[in-house]
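This briefing is for a reader meeting the structure for the first time. Please look over the sequence and the model before going through the points below.

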Amino acid sequence: MKHPPPDWLLALFLIAGVFLWQRTTFPLWHIDLFHIQLAALSWHNDKPDKMYVQLDDFETWRTEYYQPEADRLGAWGEANAYFYPPFLAGLLSPFADVHAFTWRNVVFAINVLLLFVFASQIVRLTEAAFNWRGYLWALALVLITYPFARACTLGQIVPLQAALFWEGLLRLRKSRTLSPLLIGSVVALKLFPAGWLCLPALRKQWRVVLYVLVVVLAIYAASVAAMGGEIHLRWWQAIQEFGSTTFTYFTNQSPVGWFSRAVQGHSLMQLHAGPTLGVAIVRLATLTLFVGSLLLLWLRRKQNVPFAIEQGLVITALLLALPVTWEHYFLFALPPLGVAVFQEWKRGNLDSQSLLLFFAAFFFTMKLTHFYGDDPLGKIISGSQCFGLILFWFWLVLQVRSAPHSRAEFSDPAGI
């Protein structure tokens, strides 16, 4: 590093981070949390048929079931359907019949702690010696990142899932038990991180794949045994409908969501739209991008690609390939972004590569919803975070392509 960043700049970024985080986070909502509580309450009250709802029955479910329970438990805001696996509701059911603010406050406290966890994970992922100045820079990045603050205000549990997932990745080299347990638990809960398994499979790290799948299968076997097969069938039907729906709402920062607004003209406040040929083409293109990213890593398998770069490439490509990528999903790509910023500062050159990362980080982290709108320009800007993720993916591709050659064949970094 030619010149370490001055402490006054660090202080400025920390102050800006705290200001932006609290400005977005407060007042606290629970719009993305109450549907989990309601599902847990449904199981607790022996009403499993109320846990999942099809889109055609949503309005009836909302008025006849959701709203009365929301009023009783002090919840407010737009209704959301439950899409998590049944076992989450089953595990939380003993705590379901309490005021909604209790759940909100507990999740908020967890998310505040995760601010420091993500900062720690970024520092560990850089593989540099720990120092407090570097840690505070990582914390400033986490504070500035809009998707994290947004997740805090909504009462989202995705930050916890992303942190557990990255803790599993960081322990791949050390732990034969805890790492697969953490990754497998997140995969069982969220499903889409299962796409990450393509990377160890590509590298022939079969034990990693096997151990993670064993954890996933064990969780679902226990869940089916305890809760029955019918409720899992209801969940799977809901997941299939969710995955085939084009969500046009502005918080869907997938290329498909952005395309549906900016090109097909759907309103930013519209919930969803029917399938079209254009959407099918975009979905195919993003899937090709994911496969192409894996192919690039396979072609560069004899090169010394840094751990954070290869993991970041797979995760960003996976997020871009999803038909629905809510803003808080971007937290799965936050640790590699932190490492990228560190590496560019360490390189110390201002050129096209550093400018590319600057713009990627800006659009990835910043809140630009003030500029969203149903006019043509506003609809284009409504995909600002998606644009940042695309730029970051491209930066990662360039890093993989330019990685130095390594004489040794690739060995299993997990050691298992």
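The model is predicted. Its protein chain has an average pLDDT of 94, and 97% of the residues score at least 70. One stretch, residues 407–416, has a pLDDT below 50.

**Confidence**

- The stretch with pLDDT below 50, residues 407–416, still makes 19 contacts in the model beyond near neighbours in sequence.

- Across the whole structure, a search finds 11 salt bridges.
- In general, side chains of opposite charge can pair when their charged atoms come close.
- An α-helix has 3.6 residues a turn, so residues three or four places apart point the same way.
- Arginine 62 is partly exposed at 25% relative accessibility, and glutamate 59 is partly exposed at 46%.
- Arginine 72 and glutamate 69 form another salt bridge, at 2.9 Å from N to O.
- Arginine 72 and glutamate 69 are also three residues apart in helix α3, about one helical turn.
- Arginine 72 is partly exposed, with 46% relative accessibility, whereas glutamate 69 is buried at 13%.
- A network of salt bridges links Glu69 and Arg72 with Asp97.

**A salt bridge between distant parts of the chain**

- Glutamate 310 and arginine 203 form a salt bridge in which the closest N and O atoms are 2.7 Å apart.
- This pair links distant parts of the chain, the two residues being 107 residues apart.
- Glutamate 310 belongs to helix α15 (residues 307–321), while arginine 203 sits in the loop between α10 (198–202) and α11 (206–227).
- Both ends of this pair are buried: glutamate 310 has a relative accessibility of 5%, and arginine 203 has 12%.

- Helix α12 (residues 229–243) is made of 15 residues.
- From first C-alpha to last, helix α12 reaches 21 Å, close to the 21 Å expected at 1.5 Å a residue.
- Which residues of α12 are buried? They are Ile231, His232, Trp235, Ala238, Ile239 and Phe242.
- The elements covering the buried residues of α12 include α4 (86–92), α11 and β1 (246–247).

- Alanine 109 is in helix α5 (residues 100–126) and is partly exposed, with a relative accessible area of 40%.
- Between the C-alpha atoms of alanine 109 and arginine 301 there are 42 Å, and along the chain the two are 192 residues apart.
- Leucine 115 also lies in helix α5, and with a relative accessible area of 4% it is buried, the cut-off for buried being under 20%.
- Leaving out residues up to four places away in sequence, leucine 115 touches Trp21, Leu139, Val142, Leu143 and Phe148.
- Leucine 115 and proline 159 are 44 residues apart in sequence, with 9.2 Å from C-alpha to C-alpha.

Key: Residues numbered from 1 in each chain as written. Predicted model: local features only at pLDDT ≥ 70, side-chain atom pairs only at ≥ 80, totals over all residues. Heavy atoms only, no water. Salt bridge = Lys/Arg side-chain N within 4 Å of Asp/Glu carboxyl O. Buried < 20%, exposed > 50% of the residue type's maximum accessible area, 1.4 Å probe, protein only. Helix = DSSP H or I, 4+ residues; strand = E, 2+ residues; numbered from the N terminus. Expected span 1.5 Å × (residues − 1). Contact = heavy atoms within 4.5 Å. pLDDT = per-residue confidence, 0-100.
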